[in-house]
Amino acid sequence: MFDGKVALVTGGTRGIGRAIALKLAAEGADVAVFATKENDASKAIVEEIETLGRKAAFFVCNVADAEQVNTAVSGVIGQFGRIDILVNNAGITKDMLLLQMKEEDFDSVVDVNLKGCFHMIKACIRPFVKQRYGRIINISSVVGMMGNVGQANYAASKAGIIGLTKSVAKEYAAKEITCNAVAPGYIQTEMTGALSEQAAEAILNQVPVKRYGTPEDVANAVSFLAADTASYITGEVIKVDGGMYV
């Protein structure tokens, strides 16, 4: 499906980002992965993508830093020749009730989650316009649509991603560039795996399908939006939440 295409996935060494990188590679894309540090996970994802018969490369990049983003994106184009699919998955949390939340904790979450998307899109949009083709998929969250106790910074950043997505979609639709968002609910990751049985049960009681989502559930939605068969879909937010927020 993605033969000849190059995908760039931020936060792509673990969890949802890793699943997305592997899904796109399995469907034919060469994949560049961004994360903030080179480690065993970054080496493993490159090896796994190459095992699937695709080209892969890892770039150290803090998406909150515009200079690092511009340098890394230039590196991807230099190595792969182009970028066709951008998946903005990088994100952090610093949860705290509002009265206890420090300003720097609010700023850092917004800088990575929301401003990081802005930096990445801005760095990729010029080559997208030049080639008159691009698929942008931003990973938001249902928390950005419904809010959550102790996550004012995270919810604000993820809500901002939705507004950014819709604005970019309108600005660049005529250039054959689509921009959509995926909003996961509770996804089975290292974080949810550490929850107590009581906490896990309380979460599942909010989910009509009575199970956590998997990173692969999110990756499937990203793959759909990245495909040419979704070329008439832009500015949309697809929830992957088991019906939690309807």
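**A residue-by-residue walk**

Mentor: Start with Gly185, which touches Val142, Val240, Asp241 and Met244, not counting residues up to four places away in sequence. Contact means heavy atoms within 4.5 Å. This is a predicted model: local features need pLDDT of at least 70, side-chain atom pairs count only at pLDDT 80 or more, and totals for chains, interfaces and linings use all residues. Residues are numbered from 1 along each chain as its sequence is written, and side-chain values use heavy atoms, with hydrogens and water left out.

Trainee: Is Gly185 buried or exposed?

Mentor: Gly185 is in the loop between strand 6 and helix 7 (190-193). Helices (H or I, at least four residues) and strands (E, at least two) are DSSP runs, numbered from the N terminus. Buried means under 20% relative accessible area, exposed over 50%, and partly exposed in between (1.4 Å probe, protein chains only). With a relative accessible area of 18%, Gly185 is therefore buried.

Trainee: How many Å apart in space are Gly185 and Ile85?

Mentor: Take the sequence separation to begin with: Gly185 and Ile85 are 100 residues apart. C-alpha to C-alpha, their distance in space is 23 Å.

Trainee: Which residues does Thr178 touch, not counting residues up to four places away in sequence?

Mentor: Thr178 is found in strand 6 (residues 177-184). Its relative accessible area is 4%, so Thr178 is buried. The residues that Thr178 touches, with that sequence limit, are Gly134, Arg135, Ile136, Ser231, Ile233 and Thr234.

Trainee: What is the phi of Glu176?

Mentor: Glu176 sits in the loop between helix 6 (152-172) and strand 6. Its relative accessibility is 45%, so Glu176 counts as partly exposed. Most residues other than glycine have a negative phi. Glu176 is not a glycine, yet its phi is positive, about 65°.

Trainee: Where does Lys210 lie?

Mentor: Lys210 also calls for a backbone check. Lys210 is not a glycine, but has a positive phi of about 60°. Its place is the loop between helix 8 (197-204) and helix 9.

Trainee: Why does Lys170 count as exposed?

Mentor: Lys170 lies in helix 6. From Ala21, Lys170 is 149 residues away in sequence and 27 Å away in space, C-alpha to C-alpha. Lys170 counts as exposed because its relative accessibility is 74%.

Trainee: How far apart are the end C-alpha atoms of helix 9?

Mentor: Helix 9 (residues 215-226) has 12 residues. The expected span is 1.5 Å times one less than the number of residues, so helix 9 should span 16 Å. The model agrees: the end C-alpha atoms are apart by 16 Å.

Trainee: What covers the buried residues of helix 9?

Mentor: The buried residues of helix 9 are Pro215, Val218, Ala219, Ala221, Val222, Ser223, Leu225 and Ala226. Their cover includes helix 1 (15-26), strand 4 (85-88), strand 5 (134-139), strand 6 and strand 7 (237-240).

Trainee: How many Å separate Ser223 and Ile20 in space?

Mentor: Ser223 lies in helix 9, and at 3% relative accessibility Ser223 counts as buried. Ser223 touches Met1, Phe2, Lys23, Leu24 and Glu27, leaving out residues up to four places away in sequence. Ser223 and Ile20 are 203 residues apart in sequence, but C-alpha to C-alpha they are apart in space by 7.7 Å.

Trainee: Which residues does Leu52 touch, not counting residues up to four places away in sequence?

Mentor: Leu52 is in the loop between helix 2 (40-51) and strand 3 (56-60). Leu52 has a relative accessible area of 43%, so it is partly exposed. Leu52 and Ala25 are 27 residues apart in sequence and 6.8 Å apart in space, C-alpha to C-alpha. With that sequence limit, Leu52 touches Leu22, Ala25 and Ala26.

Trainee: Now the whole chain: what is the radius of gyration of the protein?

Mentor: The secondary structure comes to nine helices and seven strands. The radius is taken over C-alpha atoms, and the globule rule is 2.2 Å times the number of residues to the power 0.38. For 246 residues, a compact globule would be near 18 Å, which agrees with the protein's radius of gyration, 17 Å.

Trainee: What share of the residues of the protein count as buried?

Mentor: The C-alpha atoms fill a box of roughly 50 × 35 × 35 Å, taken along the principal axes. Of the 246 residues, the share that count as buried is 49%.
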